[in-house]
Amino acid sequence: MVLLIRSLSIMIIVAFSKVCLAHDTNIATFHIRQIAEQEWIYEVMTPLYNLDRSARATNKALSPADTKSIQYKQEIIAYIKQGFDVKVSGYDDNKVSVNAAGLTLGKGRIKLDDHLSVLIFKIKGMPKSVKEIEFHITNMSEHLRHNNIFRIIKGRKNKHFLLNRENNFSGRVTTFLSKE
């Protein structure tokens with residue numbers, strides 16, 4: 001009986017090993033997510049290989065890929081921040097129209113890992129009520145076969161885009177952002 005269970009376990013592992021490949025290094029996922037009233041974050045999720053290769057395409061003098069190195073992490077953070085080009089229009093606390101204000105990334109957390117690196121930053125400059133988001137995300141766009149998934153998440157609502165060379169890694173969303 002133990003031999004049968006062991007044999008079945010090995011067969012299952014072998015059968016699924018081809019299906020359970022590591023993340024595709026030509027895909028990155030980006031989220032702009034509302035986590036509380038007037039509090040938004042930006043999340044980047046991609047394998048370290050993809051992140052490092054793309055950062056090196058724009059900065060040939062990048063430090064060696066040492067996930068414990070503070071300098072390397074700072075260079076990766078700078079790369080992510082320079083590729084974040086998001087403009088938002090909406091209304092402030094006094095219901096005054098805010099037109100196409102550029103957002104910036106504030107403090108955050110970073111976890112670099114071969115399988116999946118995750119970077120999370122607070123977004124600064126988001127108006128209280130958002131009516132339109134226009135974005136151009138240039139991170140992980142340096143190589144011909146890159147396809148990036150970009151999501152804007154507000155509560156239970158989710159709008160996603162495939163960013164690639166065809167749309168210049170950019171887009172616009174105007175629907176679903178009003179009050180739920």
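This is a short chat about a predicted model of one protein chain.

Colleague: What is the mean pLDDT of the protein chain?
Modeller: The mean is 83. Of its residues, 82% reach 70 or more.

Colleague: And which elements have the lowest and the highest mean pLDDT?
Modeller: Helix α1, residues 2-17, has the lowest, at 51. Strand β6, residues 117-124, has the highest, at 96. Over residues 14-22 the pLDDT is below 50. That stretch has one contact in the model beyond near neighbours in sequence.

Colleague: How should low pLDDT be read?
Modeller: Where pLDDT is low, the predicted coordinates should not be read in detail.

Colleague: OK, on to the sheet. What is the strand order?
Modeller: The order is β5-β6-β2-β1-β8-β9. These six strands form an open sheet, and the pairing is mixed.

Colleague: Which strands stand at the edges?
Modeller: β5 (104-111) and β9 do. Each has a single partner strand, so one side of each is left without a neighbour in the sheet.

Colleague: What about the twist?
Modeller: From one strand to the next, the twist averages 20°.

Colleague: Which helix packs on the sheet?
Modeller: Helix α3, residues 70-82, packs there. Helix α3 touches β2, β5 and β6. The direction of helix α3 makes about 140° with that of β5.

Colleague: How many bridges join β1 to β2?
Modeller: Seven, and the two strands run antiparallel. As one example, Ile32 has Tyr42 in β2 as its bridge partner.

Colleague: Then β8 and β9: parallel or antiparallel?
Modeller: Antiparallel, over seven bridges. β8 covers residues 147-154 and β9 covers 157-163. Asn148 stands opposite Leu163 in β9.

Colleague: What do β8 and β9 form?
Modeller: They form a hairpin, with two residues between them. Gly155 sits in the turn and has a positive phi of about 60°.

Colleague: Where is Gln38?
Modeller: Gln38 is in the loop between β1 (27-36) and β2. Gln38 is partly exposed, with a relative accessible area of 41%.

Colleague: And Met140, buried or exposed?
Modeller: Met140 is buried, because its relative accessible area is 0% and the cut-off for buried is under 20%. Met140 lies in the loop between β7 (129-137) and β8.

Colleague: New topic. Where is Thr46?
Modeller: Thr46 is in strand β2, residues 39-46. Thr46 is buried, with a relative accessible area of 0%.

Colleague: What is Thr46 in contact with?
Modeller: Leaving aside neighbours within four places in sequence, its contacts are Ile27, Ala28, Leu51, Leu116, Ser117 and Met140. There is also a polar contact of 2.6 Å between the side chains of Thr46 and Asn50.

Colleague: Last one: which helix holds Arg53?
Modeller: Helix α2, residues 48-58. Arg53 is partly exposed, with a relative accessible area of 22%.

Colleague: How far apart are Arg53 and Ala65?
Modeller: They are twelve residues apart in sequence. In space they are 9.8 Å apart, C-alpha to C-alpha.

How values were computed:
Residues numbered from 1 in each chain as written. Predicted model: local features only at pLDDT ≥ 70, side-chain atom pairs only at ≥ 80, totals over all residues. Heavy atoms only, no water. Helix = DSSP H or I, 4+ residues; strand = E, 2+ residues; numbered from the N terminus. Buried < 20%, exposed > 50% of the residue type's maximum accessible area, 1.4 Å probe, protein only. Polar contact = N/O pair within 3.5 Å; in protein donor to acceptor, adjacent residues only side chain to side chain. Contact = heavy atoms within 4.5 Å. pLDDT = per-residue confidence, 0-100. Pairing = 2+ DSSP bridges. Axes fitted to C-alpha atoms, helices over the stretch in contact; angles between N-to-C directions.
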